[in-house]
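Reader: I have a model open and a few things to ask about it. Can we go through the helix packing and then the ligand?
Author: Fine, go ahead.

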Amino acid sequence: MGVITLVLILLAAVLAYVVIWVQHRRQQHAIFSRLGIPYVPPHLIYGSNHILRGSGKITIDVMGQWLQQYGKIFGYYIGWKPTLVVADLDLIKTILIKDFHNFSNRPKLVIDAQPVVNTLVGLRDQRWKDVRSVLAPTFSMVKMKHMAGIMNEKINVLIKIIEEKSGKGEAVEMYSTFQGLTLDVISECALAMKTQCQQKQNKDELFKAVRGFLKNAINPAILLALYFPYFASLMSFFSNRLALSGRMTRMIIDHLEGVIAVRRRDINSRSVDVLQLMLEAAESRYQGSEGDKDCIKHKLLTDEEIIANAWVFMLGGFETTANSLTYTAYLLATHPEVQQRLYEEVCSISKVEKSTRDAGAMSHQGHECHGGSVSTNRHQ
Ligand code: HEM
């Protein structure tokens, strides 16, 4: 067979593959039209992901425009994947409450990356329910109150930083300051790790690693796996070797393995944090009843799952809380009348708590209310 024939066969094979691929993708993109659901017309490769997350786009604005254009229930595609948007409150209630048993799974992860597959975010079906029921009591009000001491200590640092800077007339960059506060709180509450992210923003290794991790969360490799699912298994293979050696993940896993070993060895080293609560929750209950001969005597959570979930609490709580705090501060600064009302409300509660404390009826770690306000540069 001549070289030309070989090249022609190769070209024909590539062409046939492309034609089959395009047909398959078109079929995947036909689901909403088949179901009679309005949808955003998809790009063959990207679906509508390039519109939703394109550079300079604000996802929530794009979603708002689509809602106006297509109504309260519509579809769009992320690559090949159909995604249904539901903005009808009654239907949302049905999905999240009455019919939740049909909707408890999150969309499958784009790549099966460790350690996220072992966490509440990655687990599916019965295993998600089991792990969730072991972990949920960790976040009860009573247990959270035990951690209030750690939180107050970190908030005192925040107040000091803001007082110092505003005393000198310097502007305070609230976003990174709140990121520091959030990471200081979560690191100690969930990872048993004392950090000083608020004071040493640009020097703290964990702070730098977490910010770097989130910045690169959506990278070309993820996008490739998203648009061409064939690559996903390949990416999972590499990611599980590379991600585990990822700086932030490695730092946390090494640290947690050490802390768990120390706590099991030395009962006095135990403290009140989410990690300890997870260790106790995982070890105090067993599958099956005590008297049952066939009772499976194994821990409800493996060490791998405990570490993975501590890791995900840190990631899940970091950006969300820092963003909420920053946006709240921004709104309070731009709405001084609401800020004043909030201030008065906090003062009135603070006074009640102080008099209750003074009466010796109750001990409570609260802050007395003293003057203070948030303002943006615009108001200075
Ligand atoms: C203002 C702060 C927060 C916001 C706005 C927020 C928002 C959310 C939302 C919307 C979900 C559901 C996501 C989905 O279904 O795909 C979720 C789940 C989750 N969040 Fe948060 N979150 C916040 C704080 C935290 C904190 C502090 C932690 C950890 C201590 C945390 C850990 C988690 C975990 C583990 C899940 C998965 C739960 C499960 O599947 O059982 N979040 N969060």
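Reader: Is the crossing of helix 13 and helix 15 left-handed or right-handed?
Author: Right-handed. Bear in mind throughout that this is a predicted model.

Reader: At what angle do helix 13 and helix 15 pack?
Author: The angle is about 130 degrees, and the axes are 10 Å apart. Helix 13 covers residues 247-265 and helix 15 covers residues 303-334. The two helices are therefore oblique to each other.

Reader: Which residues make the contact?
Author: From helix 13, Thr249, Ile252, Ile253, Leu256, Glu257 and Ile260. Helix 15 supplies Asp303, Ile307, Ala310, Trp311 and Met314. By type, that contact divides into 8 nonpolar, 1 polar and 2 charged residues.

Reader: Now the ligand. Which residues surround the ligand?
Author: Arg106, Leu120, Val121, Arg132, Val312, Phe313, Gly316, Gly317, Thr320, Thr321 and Ser324.

Reader: Which helix gives the most to that shell?
Author: Helix 15, with 7 residues.

Reader: And how many in the shell are nonpolar, polar and charged?
Author: The shell has 4 nonpolar, 5 polar and 2 charged residues.

Reader: Back to packing. How do helix 8 and helix 9 cross?
Author: Their axes come within 9 Å and cross at roughly 160 degrees. An angle over 145 degrees counts as roughly antiparallel, so that is how helix 8 runs relative to helix 9. The crossing of helix 8 and helix 9 is right-handed.

Reader: What makes that contact?
Author: Helix 8 puts in Ile150, Met151, Lys154, Leu158 and Ile161. Helix 9 puts in Thr177, Leu181, Asp184, Val185, Glu188 and Cys189.

Reader: What about helix 9 with helix 10, at what angle do they cross?
Author: Roughly 110 degrees, with the axes coming within 11 Å. That makes helix 9 roughly perpendicular to helix 10. Gly180, Leu183 and Ser187 of helix 9 meet Leu206, Phe207 and Val210 of helix 10.

Reader: Last thing. What does UniProt say about residues 1-16?
Author: The unreviewed UniProt entry annotates residues 1-16 as "signal peptide". In the model, that span is 88% helix and 0% strand, and its end C-alpha atoms lie 21 Å apart.

Notes:
Residues numbered from 1 in each chain as written. Predicted model: local features only at pLDDT ≥ 70, side-chain atom pairs only at ≥ 80, totals over all residues. Axes fitted to C-alpha atoms, helices over the stretch in contact; angles between N-to-C directions. Helix = DSSP H or I, 4+ residues; strand = E, 2+ residues; numbered from the N terminus. Parallel < 35°, antiparallel > 145°, perpendicular 65-115°, else oblique. Contact = placed C-beta atoms within 7 Å. UniProt positions renumbered as here; feature names shortened; annotations may be inferred. Left-handed = near helix turned anticlockwise from the far one by under 90°. Nonpolar A, V, L, I, M, F, W, Y, C, P; charged D, E, K, R; others polar. Near = placed C-beta within 6 Å.
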